[in-house]
Amino acid sequence: MQEKYIDETKQGEAFAIAEKDGNSKKLFLESYGCQMNFSDSEIVASILNEQGYNTTLKVEEADLILLNTCSIREKAEQTVRMRLSQFKNLKKEKPNMTVGVLGCMAERLKTKFLEEEQLVDLVVGPDAYRDLPNLLKETEDGRDAINVILSKEETYADINPVRLGGNGVTAYVTITRGCDNMCTFCVVPFTRGRERSRDPHSILEECKGLWENGYKEITLLGQNVDSYLWYGGGPKKDFIKASEMQKATAVNFAQLLDLVAKAVPQMRIRFSTSNPQDMSLDVFRMMAKHDNICKYVHLPVQSGSNNMLEAMNRQHTREEYLDLIKKAKEIVPEVAFSQDMIVGFCNETEEDHQDTLSLMREVEYDYGYMFAYSERPGTPAHKKMEDNIPADIKQRRLAEVIALQGELSRKRMKSYVGRVHQILIEGTSKKNENQWKGRNSQNAVCVFDKLEGQKIGDIVDVFVFDNTQGTLLGETVK
């Protein structure tokens, strides 16, 4: 099954966009990790486009190489280190080339990169991309440059991201940055800072601009979209200090969804990622109210055991999570859920593991992102808990979780058979160039034969006649 948040087919993907006349320098930009990183790369490209840089897919012709990095898993960090050592050799041939690390690893390993390993010239954290022009001037003068200061204000609301790669049909719109949740296993609050929300007006303008440019689906993106709260700026934790007027006019996530759905009524709307303790039933009421809000929620649970949820500082119980799912299905009967699951967390017993399996059966997830726990340096779990579950037990439990999710996925896919679904054509099927691929409202992938007159970006009625574990098989309704 898939890894948490991370599309393995896109790791290390380099992007090129249309060249801007008059730009003479070349930027090679590679992205690793989650959707937030890929979205951030679009902001970086936009900032540097104004500084004379056009993107390139050929690393050897680059004046500036930037790797936008991820700290969520050890594997991602190892991949980036290997990539940097390759660039080190290239730099010997082109001494004027600048190599930089952006994103979460930049924040976490700043001094290592610059001083100990001397792999890079430039280290820029997720909140400092605006400072790139100044930092690049520093490197031109032969100095290493670093800015990993985490902001309580920065949302890049006024920067119109350049759309990198993609299919021209689906796009991400970042609505929050940072996270306040402090799950004990997670490095995000330390690499991306405190949670803050973006001005809803700028979000609506970006969504309208995407619709005008031919996009048909947007995903509202944040580490924790459900805790979106705009009251004029500043961190969410300071909302208690807001004025009465600010509190009265504040916009929460359900209200933002309503605004976006009305602003672009033909646009499909998704959102990711949700957190159970912040998810309100009003979000599901908006889903029921607007046809253009997709009936799908990625709702990470991490474990079905209350002992583990407490150890992970998840701020919700098993019972609260299941109650939320039950009420959501009453409001939106056709809603689909996917999960994140960690197995083998510190002190996890066999009973805890069985609790996870029983929760999965009760929810009946469409699919999941599942992995064995590996401790990340700097997290509370790394500092205070022992990673004491043997690797073979972790792997056995993970295999059981994956096998169960396979059963549930097949069952859920089967429930879509024999019905007509609206499918947004996103591209050609990888396995058959005579077929389209797209997704239904519940995020299930569907493939069907191409018909004359159909094109990428069309929403078509498709009758689903069969399924595999992960794909619906259909035909266009004529």
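Colleague: Where does Thr273 lie?
Modeller: Thr273 sits in the loop that runs between E14 and helix H10, the latter covering 281–289. Please keep in mind throughout that this is a predicted model.

Colleague: Which peptide bond is cis there?
Modeller: The cis bond is the one going from Ser272 to Thr273, and its omega is near 5 degrees.

Colleague: Let's stay with E14 for a moment. Is Ile269 buried or exposed?
Modeller: Ile269, which is found in strand E14, counts as buried because its relative accessibility is 0%.

Colleague: And what is Ile269 in contact with, leaving aside its neighbours within four places in sequence?
Modeller: With those neighbours set aside, Ile269 is in contact with Ile218, Leu220, Leu257, Val260, Ala261, Asn292, Ile293 and Cys294. As for Gly232, which is 37 residues from Ile269 along the chain, the C-alpha atoms of the two are separated by 24 Å.

Colleague: Switching to rings, how many aromatic pairs does a search of the whole structure find?
Modeller: The search of the whole structure gives 8 aromatic pairs. One of them is formed by Tyr231 and Phe239, edge-to-face, with 5.2 Å from centre to centre and 65 degrees between the planes. Tyr231 has a relative accessibility of 9%, and therefore counts as buried. Another edge-to-face pair is made by Phe253 and Phe271, with 5.2 Å centre to centre and 75 degrees between the planes.

Colleague: Which residues do ring pairs link into a cluster?
Modeller: The cluster consists of Phe185, Phe345 and Tyr373, linked by ring pairs.

Colleague: Now backbone angles. What is phi of Asn313?
Modeller: Phi of Asn313 is near 60 degrees, which is a positive value in a residue other than glycine. Asn313 is placed in the loop between helix H11 (306–311) and helix H12 (318–331), and with 31% relative accessibility it counts as partly exposed.

Colleague: What about Asn443, what is its phi?
Modeller: Asn443 is not a glycine either, yet it has a positive phi of about 75 degrees. Asn443 is in the loop between strand E19 (435–439) and strand E20 (445–449), and it counts as buried, at 11% relative accessibility.

Colleague: Back to the loop between H11 and H12, then. Is His316 buried or exposed?
Modeller: His316, which is placed in that loop between H11 and H12, is buried, with a relative accessible area of 7%. Leaving aside its neighbours within four places in sequence, His316 is in contact with Pro276, Gln277, Val301, Leu309 and Tyr321.

Colleague: How many residues apart are Arg396 and Gly344 in sequence?
Modeller: Arg396 and Gly344 are 52 residues apart in sequence, and in space they are 9.6 Å apart, taken C-alpha to C-alpha.

Colleague: Let's zoom out. How many helices and strands does the protein chain have?
Modeller: The protein chain has 15 helices and 22 strands, and its C-alpha atoms fill a box of roughly 65 × 60 × 55 Å along the principal axes.

Colleague: What radius of gyration does the chain have, and what would a compact globule have?
Modeller: The protein chain has a radius of gyration of 23 Å, which agrees with a compact globule of 478 residues, because that would have a value near 23 Å. Of the contacts with a separation of 6 or more, 72% are between residues 24 or more positions apart.

Definitions and conventions: Residues are numbered from 1 along each chain as its sequence is written. This is a predicted model: local features need pLDDT of at least 70, side-chain atom pairs count only at pLDDT 80 or more; totals for chains, interfaces and linings use all residues. Side-chain values use heavy atoms; hydrogens and water are left out. Helices (H or I, at least four residues) and strands (E, at least two) are DSSP runs, numbered from the N terminus. The radius of gyration is taken over C-alpha atoms; the globule rule is 2.2 Å times the number of residues to the power 0.38. Contact means heavy atoms within 4.5 Å. Rings of Phe, Tyr and Trp (its six-membered ring) pair if their centres lie within 6.5 Å; planes under 30 degrees apart count as stacked, over 60 as edge-to-face and the rest as tilted. Buried means under 20% relative accessible area, exposed over 50%, partly exposed in between (1.4 Å probe, protein chains only).
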